[in-house]
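Please view the sequence and the model together while reading.

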Amino acid sequence: MTDAMIGLIALPLAGALATLLLPRSATAVAIGTGLATTVAAGLLLSGVATQGALHYEIGGWSAGLGIALRADGLSALLLMMTALVALAASVYASAYFNTASERARFWPLWLLLWTALNALLLSGDLFNLYVTLELLGLSAVALASLSGRRAAVAAALRYLLVGLLGSMMFLAGVSLLYAGYGTLDLAALSHMVAPGPSAWTALALMTTGLLLKTALFPLHFWLPPAHASAPAPVSAVLSALVVKAAFYLVLRLWLDVFATVVTPAAANLLGLLGAGAVLWGSWHALQAERLKLLAAYSTVAQLGYLFLFFPLLLALPSGPARDLAAGGLVMLALTHGFAKAGLFLAIGVIQQRCGHDTIRQLDGTAQRLPATTFAIALAGVALIGLPPSGAFLGKWQLLAGAVEAGQWLWLVVTAVGSLLAAAYIFKVLGHAFGHRPYPNQPVTVAREEWPALLLAGMAALVLGLSGAPMWKLLELGI
Amino acid sequence: MLTTQILYALTGCMIVALGLRGALLHASVLQRIVAINVMGAGVFMLLIAVAYRGPGLPPDPVPHALVLTGIVVAVSATALALALVRRLHAEQEDD
Amino acid sequence: MNTMGLLVFDGLLLFSIVGLAWASLATTDVRRGVILFMAFGLLLAVAWGRLLAPDVALAEAAIGAGLSGALLLAAVHRQPRPLSPGATHDSLYRSAAAVSMVVRWVVTLLSAALAGTLAWGLLHAFSSTPQDMLPRAIAENLAASGVSNPVTAVLLNFRAYDTLLELAVLLTSVLGIFSLGPATPGYQPAGPIFDGLVRWLVPVLILMAGYLLWVGAHAPGGAFQAGATLAAAGVVLRLAGRARIGLPEGFALRIVMTAGVSVFLLVGLTLLLLGRPFLGYPPAWAGALILLIETAAMLSIAATLLLAFLGGQPESTGVKAAANRQREEISRC
Amino acid sequence: MINILSSILILAGVFFYLAGSIGLLRLPDLYSRLHALTKADNLGLGLLMAGLALHSQDLFTMLKLLLIWLAVLAASATSAHLIARQARRQETGS
């Protein structure tokens, strides 16, 4: 099973090299690599489900001297989501890019991004995490600027500089921890870290750096332009996976490594910022005139929900109520990943077939692109949090936890945010189902619409029904 | 506590702050890139100071290796940022 | 007296370093800022030497000050005129004048608070006895690592996985640069004096790169310092206006760019197939495998750093020669 | 004896460096500044290297010090030439 961990890193990395060296068969190599990587993620998930948390010492050196890879329920689930979303987006991308030179530039960077995501989710070492963050940041920026258009390049540049600032803060925190405890191994640190000036400062620095990267309000300013001007499959992965990788690290640090250091007051601050993100992001999504911008602002809002869980998880005593809240958090994160990827892919189809993504001019899209419109509707169900989507379960646990902990503010924020989400989704659907008769015949573009439909369907239907096994898996984790 | 270690570590903190301030305030994007590099150098100084054990004693090699990696990562990021700047200027001139 | 002298030296050095950092960021003349930043990098190299980190000092001088400086200076050169700061970036960022005094003070206080907190945490960390279990573990395992320079042992054996990913970062950066456009036009052929310098400097740099690579196993040096030196040879050739700067073309170029990651990964996976851990070198083979990986890494590092300086994928020489005749060259030397 | 000799050499080297730096700051135009800087610094570095070479244990270190001096000599001569030529071109307005 531990070989699956190496596979998750070595396969996409080898694939990146192969697509670079063999540009003519790059698409076939990349899809093959994607399938193999997805199999590895499945193997790891089943391994964690049967054997519990796994770890692997690279080079055979004990953790601390060397670098250890670790996988528990949380990271195995996120790795599986990464594989499914990235595979679907790969199939989509194989039809999306028209010219051979575009494809030759896209595939190596794409597989490097995938490598970075897997490496980050598996890493058990602080400095190694910094390297994976940089690999992730640089490959994401390179992909976001792929079109070479001015808006995309300007957004990518800002994305890069903000990301670097975040990495530097993270690295400053790492230095501080190494000065205090003499190790970079996360597992060892979680036993050693004690409340005190160096732990507080390190946590504050690393969290600030990661919040910049995960675009938590008010540090979200760079996200909408970058996500809205990237090519569709790239936007999908940026919104669904890349920001979530930084969120995963915040979660890992707060609930695992620094569990003894974090205070309810600090968690409340994160919760308040999350509330700000929900309201601000949803409001701007409602105001957006372009579909991609709407989706990007919706990402700001959806990340906000995830931070609402922090004060709850700190307030609730460990026990079934807290476990359920933690499960709800993961469920919400997974659902958003699938739904947002599906949404961005569907928007990409509209943009390519209709030549624009202006919401006001969508009239009749439902007649011309029925499958795409259906994918948007399914993704919308998940973004609003209607049953039977996974987000419904997630938000339900959020509300239950808030009631349990007596923190009513989060209840109000969730309700308002969901109403706003319903408003912006129905606004889009309202235009898409516009009454104006549309002369064209319905179009289906299978290789682009299937991935979008499957991802959205996963979010709206499958995840909600797979709650029980997932809860069990998570108990092995955090 | 070693005086040398503290002296260099505190200087590192100052350089980090100078870099951060420049990165947030500068209008010129090239100088923002320089500022981020300065900030990185400050962090590297912290690490090298942490590694120092005193005159005549072998320093801890781990932070040295980390800084070497960090320097290469920093130059990679700088190179990409400068390529983006160049492309942006080319696009602006086309307008 | 000796410690007193060292303290004075430290004080002067650190004062100059902070002063240069301040000056490089305080000026509104970008070119001046970049040159001061390069001086800052060189003094940092002295500081690393003072703190007994010669490996880092070499890398800082070659990469941090040298190549970063060259990249930045080339970028300053390419900036569209007028060079007055703010004016060219209005569309992107608020101009300097528009940033109000209040914002300036808030950011300054914020940065000062960061420095203060960081110092507070660090002093606290220093006040406890240093944690020496990791250096001790390295010393104990050094014999099995295949090299006797502990920094090389950490970089290429104990934490080899970091270095593998770091090479992937370099590759990513160059692929990103490639996708943003072709290389910048070359420079005019240099005059006789500069050309004379180049003629003997380049062989010396190549020799030095080989030496640094070899010596890295037991003394300061290694693939990164060697790769940067090799890249510097290419940069000098480029500045002298040579058409050929030692980079291969087409498929061969892609091979050189990926050699570091490829060889690293192949070694790691082969060991896995032979029943050892991923990247777990057998002690008897470790020295040879590290040298193999470092050689490939040096070539990739040199190629990627040089390509970063070119700012894109070089056109093949035949095309370039034709284009050069028409193209207006930037005069620099 | 060796100690005293090397100290004298190093102090002399430092003096030339100081003179060169003062020249850089005080002299009126680019050419004279360049003149002061390169001449004085090259001599200063040579003296410094000679002083250090007396301290070195083996021949190899001495050779390396000599090599450093030669490399700096060549580099500073070339860069001084390039700077001066560029300045002259700007003056003549070509």
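## Basis and confidence

This is a predicted model, in which local features need pLDDT of at least 70 and side-chain atom pairs count only at pLDDT 80 or more, whereas totals for chains, interfaces and linings use all residues. Residues are numbered from 1 along each chain as its sequence is written, and chains are lettered from A and ligands numbered from 1 in the order in which they are written.

The average pLDDT (the predictor's confidence in each residue, from 0 to 100) is 87 for chain C, and 88% of the residues score at least 70. Among the elements of chain C, the highest mean pLDDT, 96, belongs to helix 7 (residues 160-179), and the lowest, 47, to helix 12 (residues 317-326). Helices here are DSSP runs of H or I with at least four residues, numbered from the N terminus. Residues 82-96 of chain C stay under 50 in pLDDT, and the model has 26 contacts for them beyond four places in sequence. Residues 318-333 of chain C are also below 50, with 20 contacts in the model beyond near neighbours in sequence.

## Contacts between chains

Two residues are in contact if their C-beta atoms, placed from the backbone, lie within 7 Å. Four pairs of chains are in contact, and chains B and C share the most contacts. No contact joins chain A and chain D, whose closest C-alpha atoms are 34 Å apart; chains B and D likewise have no contact, with their closest C-alpha atoms 18 Å apart.

The contact between chains A and C takes 48 residues from chain A and 44 residues from chain C. On the side of chain A, the largest share, 10 residues, comes from helix 5 of chain A.

## A helix pair in chain C

Helix 10 (residues 250-273) and helix 11 (residues 283-310) of chain C pack with axes 6 Å apart at an angle of about 155°; axes are lines fitted to C-alpha atoms over the stretch in contact, and angles run from 0 to 180 degrees between N-to-C directions. The two helices of chain C are therefore roughly antiparallel, a term for angles over 145 degrees.

Residues making this contact include C:V263 and C:F264 of helix 10 of chain C and C:A296 and C:S300 of helix 11 of chain C.

Key. Parallel < 35°, antiparallel > 145°, perpendicular 65-115°, else oblique.
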